[in-house]
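Open the model in your viewer and keep the selection tool at hand. The stops below go from one selection to the next.

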Amino acid sequence: MVKVTIIGRVSDGMPLAQGPRLHEENNDVLTTYKKQAEFILKEISLQALPDNKMTILVDHHCFNYMVENGICYLTLCESSYPRKLAFHYLQDLQQEFERLDSSLVDRITKPYTFIKLDTIIGNIRKQYVDTRTQANLSKLNAHRQKELDIATEELSQITERRRRIKMMERMMEAHISTSPIWESKRLEMIALKWTPITILLVVASVLLWTGLILQDDFR
């Protein structure tokens with residue numbers, strides 16, 4: 001079953017539309033899946049994921065997405081749902097989307113404000129709820145021997161990779177923000193030369209001062 005659908009702009013990872021909410025699904029669960037879908041869209045915009053087609057596994061579900069002409073069509077299905085049918089669904093979304101005025105896409109500045117797409121997504125999704133309809137069986141049987149050559153990856157691997165990238169970025173920022181005075185090689189050499197001498201002078205001064213105090217005490 002198709003549970004979540006997002007159509008988004010690849011250039012900046014902006015989600016344009018998501019389709020009607022499924023009433024039978026738990027709100028918290030759908031919110032989690034929606035955030036994961038938005039994360040995937042952002043990763044595509046950052047060129048961290050392929051900009052063509054991919055399947056991403058999570059729990060007992062999988063995200064399937066395809067990118068065409070700068071637009072990402074992404075859906076979450078149960079793992080038992082035929083992947084071939086999921087991509088037919090995305091292709092139908094693409095065909096309907098490309099009939100719309102493309103100039104509208106560039107003018108959108110807030111997430112999920114392409115309301116016209118919500119109805120289109122809902123109408124097409126209804127056609128793919130039952131995998132046993134004659135139309136869907138025909139799509140599954142067409143070119144039956146041909147396997148989908150699509151990359152597959154676990155969502156946990158993608159999130160871990162992003163975590164490591166962010167950690168490296170923070171380390172680099174911390175290094176850059178270090179006081180620039182020590183970036184001078186000349187100052188570094190001066191510091192290395194005079195620091196030991198300074199320490200010896202301080203220690204000698206403390207010992208001399210201590211000796212004078214002790215002499216005063218025994219007079």
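How many of the eight residues of strand E1 (residues 2-9) are buried? Select E1: eight of the eight are buried, so the strand is largely enclosed by the rest of the structure. Buried here means under 20% relative accessible area, exposed over 50% and partly exposed in between, with a 1.4 Å probe and protein chains only. Strands (E, at least two residues) and helices (H or I, at least four) are DSSP runs numbered from the N terminus.

This is a predicted model, in which local features need pLDDT of at least 70 and side-chain atom pairs count only at pLDDT 80 or more, while totals for chains, interfaces and linings use all residues. Residues are numbered from 1 along each chain as its sequence is written, and side-chain values use heavy atoms, with hydrogens and water left out.

Arginine 9 stands opposite isoleucine 71 in E5.

E1 and E2 form a hairpin with four residues between them, and glycine 13 in the turn has a positive phi of about 70°.

The structure holds zero disulfides, a disulfide being a pair of cysteine sulfur atoms within 2.5 Å. For cysteine 62 the nearest cysteine sulfur, that of cysteine 77, is 5.8 Å away. Cysteine 62 is buried at a relative accessible area of 8%, and cysteine 77 is buried at 1%.

Definitions and conventions
Two strands pair if DSSP finds at least two bridges between them.
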